[in-house]
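Thanks for making time this morning.

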Amino acid sequence: MIYDFEQILKSELGSEMVKYLLSLDDEAAAKQLFAKARETRDAVIGNKVYLRGLIELSNRCSKNCYYCGIRSGNKNVIRYDIPDDEVLKAAEFALQNNYASIVIQSGELNDKTFTKRVTSLLQKIGNLTQNQLHITLSCGEQSPDVYRQWFDNGAQRYLLRIETSSESLYYKIHPNNPKHNFTHRLNALESLKGIGYQTGTGIMIGLPYQTFDDLTNDLFFFKDFGIHMVGMGPYIEHPDTPLAKFSKIMLPLQQRLELTLKMIALLRLLMPDINIASTTALQTIDPLGREKGIAAGANVIMPNITPVKYKENYNLYEGKPCLDEEPDQCTTCIDMRVKLAGGEVAYDQWGDSKFYKRSQSKQ
Ligand code: SAM
Ligand code: SF4
């Protein structure tokens, strides 16, 4: 069926229409939706795709999220911390390869040894690169003081996925205890934005018990919150986690991928000038998954530049791609992949969220 997207989008995209488009099982309509999202991105922020070199700093985690392969309860994981000199080497690699931006991600640790280490790493990276790299942190929930300290020492962006905007679903995928608290997570996100970070969040798509209403609400949560960046990906089971037991009631992987692409496209239409990442989990389901994300309106890709010897132990879900590839191999492959998706890799550009800049200039 051919839909008149021009007509549909003339009026503001409301929640009923979003839910309808998400639930629509029609390949031709999905293609039109992706084309419209691409067109909107190209018209508003261009077709440039920004790179964020991902460094998986540590897989030690004090939390026990039911879905995550590196949860503290998984005793099969060999835990690691990448020493400072190797992190610095990775940062240097990003700079030399003109990435302009890195993401430092880890399990959630709140002890002073960890939080001070991150502060000192930020200083060292800043000195080494003369502050030429923009740094995103993704190290979970921390106190406002710790967020402030990291911001003051050179982190410009922070990624903290809300995982789902539905409180009841949140407690189906996390233990219900003070360490895993929906309100604390929301407050942490508020605190990041208040401090001045370019603030990113996201959700997983295809979770057991997740409904089209939940996904629609997630998109409007991003909009109402005024989020600057989003990374959404399909949920993928890890066999050593409690949530994997619910596989029978989950959508097949291919459908999770298609739903993720629709979520990206709809978000692009709802928030045309934010940064949207095409996540690694998409590539896990389909070798061309990340290109499809770009073709559905995303504009950020995160090449993994973690040294190979650590990568295999940052196994969030089954089948994570490129585990045996050194960073330089990954770079060549990403360059080619973005070109294939019709995008253009934006080397040497920080690629700040335009929406963030717009909201800052209003203050
Ligand atoms: N520990 C920090 C946190 O949770 O915010 C950052 C690292 S955590 C590994 C980054 C993200 O990985 C989580 O926010 C979650 O959305 C995603 N993730 C974890 N397990 C996953 C799975 N099985 N499938 C897809 N994404 C997963
Ligand atoms: Fe830890 Fe983050 Fe995994 Fe939760 S999602 S177990 S906080 S690494």
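This is a predicted model: local features need pLDDT of at least 70, side-chain atom pairs count only at pLDDT 80 or more; totals for chains, interfaces and linings use all residues.

Residues are numbered from 1 along each chain as its sequence is written, chains are lettered from A and ligands numbered from 1 in the order in which they are written, and side-chain values use heavy atoms, with hydrogens and water left out.

Around ligand 1 there are 19 residues, the closest being Tyr67, Arg161, Glu163, Arg185 and Ile236, where near means having a heavy atom within 4 Å. This shell divides into 10 nonpolar, five polar and four charged residues, with Ala, Val, Leu, Ile, Met, Phe, Trp, Tyr, Cys and Pro counted as nonpolar, Asp, Glu, Lys and Arg as charged, and the others, Gly among them, as polar.

Backbone N or O atoms of Tyr67 and of Ser106 each lie 3.0 Å from a nitrogen atom of ligand 1, whereas an N or O atom in the side chain of Arg185 is 2.9 Å from an oxygen atom of the ligand. Taken alone, ligand 1 exposes 550 Å², and the protein buries 92% of that (Shrake-Rupley method, 1.4 Å probe).

What, then, divides into 16 nonpolar, six polar and seven charged residues? That is the lining of the largest pocket, to which helix 10 gives the largest share, seven residues (helices are DSSP runs, H or I, of at least four residues, numbered from the N terminus).

Technical notes
A polar contact is a pair of N or O atoms within 3.5 Å; within protein, one must be able to donate a hydrogen and the other to accept it, and residues adjacent in sequence count only if both atoms are side-chain atoms. Helices (H or I, at least four residues) and strands (E, at least two) are DSSP runs, numbered from the N terminus.
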